[in-house]
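Below are some notes for a colleague who has not seen this structure before. They go through the two chains in turn.

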Amino acid sequence: MGLKTPLHDKHLEAGARIVDFGGWDMPVNYGSQKEEHHAVRLKAGVFDVSHMTIVDIAGDRARDFLQHLLANDVGRVNTPGKAIYTCMLNDDGGVIDDLIVYFFTDSSYRLVVNAATREKDLAWIRKQAEVFDVRVGERAELAMLAVQGPEARALAAPVIDEGWREQALALKPFTAMHAGDLFVARTGYTGEDGWEIVMPAADAPRVWDRLLAAGVTPCGLGARDTLRLEAAMNLYGSDMDETITPLEAGLGWTVAWEPADRDFIGRAALERQRVEPTQRFVGLLLEDKGVLRAHQRVVVEGLGDGEITSGGFSPTIERSIALARVPAGDYDRASVDIRGKLLDVRIVGTPFVRNGEIRIDV
Amino acid sequence: MSELPGDLQYTKEHEWLRREDDGSVTIGITDHAQSALGDLVYVELPEVGQDVELDGEMAVVESVKAASDVYAPVAGTIVAVNEGLADDPEIINSDPYGEGWIVRMKTSADGEGLMSPEEYQALLDELDA
């Protein structure tokens, strides 16, 4: 059996189907993945994301350290609680992980990294931290819930102490605050409004119960994946890994080139690639029936082949969509090899869906 | 866990087979299979008239989660496919042993190696353990 979050018993109580995810026993759904997906688009759902790794960085040179460690620039955030999304790269510009970093003070930051990459991330961060003399503290004693959907904040607000509630409801997107024992961030991985709430593990079952009683739907990793795919949010290990740079994964916008003298790990490799991109990272819509899946071949006439990095059925659009790495060039149609048959796909702008609305022409 | 229909035969790949009065066989996937796959979103069906080999890939069922091959439990010729699945693949989720059938075949095979309900139940118990 794998690692269990503090909410494991609650998942079983709610009828979860449990799967292994990066060594953790996690709910993949509680019955119907599609119903969970729609609950988040239309009302509110809650995901247990306690398996994710929270790392606090502290020390006089914390900011210098993160400006070296991360491809996005923490120097751009000066408001306490402000968050940025970034990649952590190796020397070749490959993505070791993607993460969110929260700014508290110049000497104190919080990182939230992926569960499946925990060990290599911690080893890398600790190794790079040595010369900066900062403390790298994993916060394994904390649990985290993501409450997502148009009604998520309203339904979840009662779990925040009254003294903090108003301020929490006023948080702008991609900002966070401490609210007593809770840490509340207006972030997520679904393309909907909502919060991610960090709390002591012992409090998690009570918060979970209150959310469910308020009408929030428990949602598993299955719905989390279809929601993030519709929102065109990258998944580490599928859309990018250590052999892929952010520029090859549609994440060029997360790389801070200025100031030009900021020496972040992987910069030199990215600078070389920036001059002449050979690939595009795009959204695909399948014109026919069928399901696009990761690793299927994308055929672009005259230009060569690409590959789907994430694909699936979009419950909101009721068609299949995908993210794919394809040859550079100006074209808006291609085909995908599904079990030997070439099916037509259209290249579309992303996200596919955001805030409950379909954003592409179907 | 619901009770397995007693008039069907089963495979270890979680297909079921029913012998019809006219000598044909109807084939689908079991309740265990649909439940493991989750909400179905697409079914790729064979052509009527197509010959299939024993254990050959005969159809593909795709859920929100994964694609899974459906293997022929006996060799034979496809005589009908469930057209209703094209627009509503979730029939397999709601009624795997009835309206959610996948294909009908003519076969001369005696179905050697197929499992009885009791044998299949034992396999499921083993998977649950």
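1. A nonpolar core is a set of buried Ala, Val, Leu, Ile, Met, Phe, Trp, Tyr and Cys residues joined through side-chain atoms within 4.5 Å. The model discussed here is predicted. In chain A, the largest such core has 34 residues, and the members that touch the most others are A:F47, A:L89, A:Y102, A:F183 and A:M240. Two or more residues each come from β5 (83-89), β6 (95-105), β9 (142-148), β11 (182-185) and α8 (221-230) of chain A. Chain A also holds a second, separate core of 28 residues, with A:A16, A:V159, A:A168 and A:M199 among them.

2. What does A:F47 contact, once its neighbours within four places in sequence are left aside? The list includes A:V40, A:M144, A:L145, A:A146 and A:Q148. Also on the list are A:T190, A:C219, A:G220, A:A223, A:R224 and A:L227.

3. Chain A as a whole contains 9 helices and 21 strands. A compact globule of 362 residues would have a radius of gyration near 21 Å, and the 20 Å of chain A agrees with this. The C-alpha trace spans about 60 × 50 × 40 Å along its principal axes. Of the residues in chain A, 57% count as buried. Contacts in chain A between residues at least 6 apart in sequence join residues at least 24 apart in 66% of cases.

4. The accessible surface of chain A is about 15,200 Å², and carbon and sulfur atoms account for 49% of that. The side chains of chain A include 41 positive and 55 negative ones, with the centres of the two sets 3 Å apart.

5. Is A:L235 buried or partly exposed? Its relative accessibility is 25%, so A:L235 counts as partly exposed; buried would mean under 20%. A:L235 sits in the loop between α8 and α9 (267-275) of chain A. Beyond its neighbours within four places in sequence, A:L235 is in contact with A:Y189, A:D225, A:R228 and A:M240. A:D225 is 10 residues away along the chain, and the two C-alpha atoms are separated by 8.4 Å.

6. Chain B has 4 helices and 9 strands, in the order β-β-β-α-β-β-β-β-β-α-α-β-α along the sequence. Its radius of gyration is 14 Å, which agrees with the value near 14 Å for a compact globule of 129 residues. Buried residues make up 49% of chain B.

7. The accessible surface of chain B is about 6,200 Å², 44% of it from carbon and sulfur atoms. Chain B carries 6 positive and 30 negative charges, whose mean positions are 4 Å apart.

Key:
Residues numbered from 1 in each chain as written. Chains lettered and ligands numbered in written order. Predicted model: local features only at pLDDT ≥ 70, side-chain atom pairs only at ≥ 80, totals over all residues. Heavy atoms only, no water. Rg over C-alpha atoms; globule rule 2.2 N^0.38 Å. Buried < 20%, exposed > 50% of the residue type's maximum accessible area, 1.4 Å probe, protein only. Contact = heavy atoms within 4.5 Å. Areas by Shrake-Rupley, 256 points an atom, 1.4 Å probe, with all protein chains shown as cover. Lys, Arg positive; Asp, Glu negative; His and termini not counted. Charge placed at Lys NZ, Arg CZ, Asp CG, Glu CD.
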